[in-house]
Amino acid sequence: AAREVAKNTTFSAEQAAESFFFLASAGLDAEQSVAAMPQVAAFAQAGMFDMATATDLATDAQSALGLTSNDAAENLDNLTRVTDVFVKANTLANTSTEQLATALTTKAGNALKTVGKDIEEGAAALAVFADQGIKGERAGTLLTNTIFGLTDIMKKAPEEAERLGIEVFNAAGEMNSFADISEDLTAALSSMTKEQQVATLDSLGFTKQAREGTLALLGQAEQLKDYEEALRGAGGTAQEVADNQLDTFNAKLSLLGSAVADVAIDIG
């Protein structure tokens with residue numbers, strides 16, 4: 001499996017083989033690791049980072065979002081979904097694949113899972129944050145505090161939220177989409193001065209970081225919808241971008257070197 005990866009990426013067979021250690025450290029058994037290896041390599045190629053980083057980011061995010069499975073085929077499908085969304089978000093917004101993955105693994109993944117949000121909607125929110133210069137660990141922490149700030153207002157100030165027309169949960173008790181919440185927040189706060197907006201959010205019980213994240217969602221409903229729709233169609237993006245990365249002279253030299261090394265392994 002490691003040799004096959006070397007034939008199709010700029011990573012050597014030795015580098016790919018070393019990655020089995022990181023996959024095993026993430027809890028994958030031999031069958032899961034062999035199945036996951038090509039996708040992790042494509043993710044590393046697309047994101048322009050090493051195999052160790054790619055393995056950590058992909059498997060940590062997958063675990064945080066509750067998408068790890070004991071079934072090798074299902075686990076591969078979930079891993080592919082996670083890496084495709086990360087790479088697609090990189091092509092849409094002002095953020096790198098690594099920054100987005102870092103944000104998801106910095107508390108945000110667990111927060112999204114807690115309120116029933118999937119990776120596509122969470123990545124859309126992080127992409128909106130990134131366009132405003134909020135990236136990496138800071139974005140992950142901010143999104144987490146924003147999520148819990150929004151859910152807490154139903155306990156701390158439900159009457160005030162209702163007066164402002166801010167609806168966080170629907171009749172079924174499920175959290176509304178970030179786009180819908182953004183629409184409500186924009187309608188309630190956009191006509192206020194910044195000072196009034198902060199005072200209003202204070203009255204709803206928001207912490208400083210929850211306020212910052214909430215204000216970053218103002219006026220972003222359409223962008224959130226557009227990003228989420230694009231991310232739901234992200235299938236195959238990691239492989240596509242990885243293939244594009246190979247269309248350079250240096251990459252072709254690397255592939256030639258791997259082919260020669262593979263022949264040497266056979267001879268050996």
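How many cavities of 30 Å³ or more does the count give? The count comes to one such cavity. A cavity is a set of points, on a 1 Å grid over the protein atoms alone, where a 1.4 Å probe fits but cannot get out. Grid points are joined across faces, edges and corners, and a volume is the space filled by probe spheres set on the points.

Before selecting anything, please note that this is a predicted model, in which local features need pLDDT of at least 70 and side-chain atom pairs count only at pLDDT 80 or more, while totals for chains, interfaces and linings use all residues. Residues are numbered from 1 along each chain as its sequence is written, and side-chain values use heavy atoms, with hydrogens and water left out.

**The whole chain**

Display the chain as a cartoon. It contains 15 helices and zero strands; these are DSSP runs numbered from the N terminus, with helices being H or I of at least four residues and strands being E of at least two. The C-alpha trace spans about 75 × 35 × 25 Å along its principal axes. Of the 268 residues, 49% count as buried, a term that denotes under 20% relative accessible area, whereas exposed denotes over 50% and partly exposed lies in between (1.4 Å probe, protein chains only). Among contacts with a separation of 6 or more, 68% join residues 24 or more positions apart; a contact means heavy atoms within 4.5 Å.

**The largest cavity**

Select T95, Q99, L100, A103, L126, A130, I134, K135, G136 and A139, which line the largest cavity. The elements giving two or more residues to this lining are α6 (97-114), α7 (119-130) and α8 (136-156). Helix α6 provides the largest share, three residues. By class, the lining has six nonpolar, three polar and one charged residue. Here Ala, Val, Leu, Ile, Met, Phe, Trp, Tyr, Cys and Pro count as nonpolar, Asp, Glu, Lys and Arg as charged, and the others, Gly among them, as polar.

**Within α7**

Next, select G122, which lies in helix α7. Is G122 buried or exposed? It counts as buried, because its relative accessibility is 0%. Beyond its neighbours within four places in sequence, G122 is in contact with L112, L143 and F178.

Most residues other than glycine have a negative phi. Select K107 in helix α6; its phi is near 70°, a positive value. K107 is exposed, with a relative accessible area of 54%. Then move to M48, in the loop between α3 and α4 (51-64). M48 has a positive phi of about 60° although it is not a glycine, and M48 is likewise exposed, at 61% relative accessible area.

**The largest pocket**

Finally, select V5, N8, T9, P38 and A41, which lie nearest the centre of the largest pocket among its 14 lining residues. A pocket is an open set of grid points with protein on both sides within 12 Å along at least five of seven lines, and lining residues have an atom within 4 Å of a point. The elements giving two or more residues to the lining are α1 (2-8), α3 (30-47) and α14 (237-245). The largest share, five residues, comes from α3. The volume of the pocket is about 170 Å³, and its lining has eight nonpolar, four polar and two charged residues.
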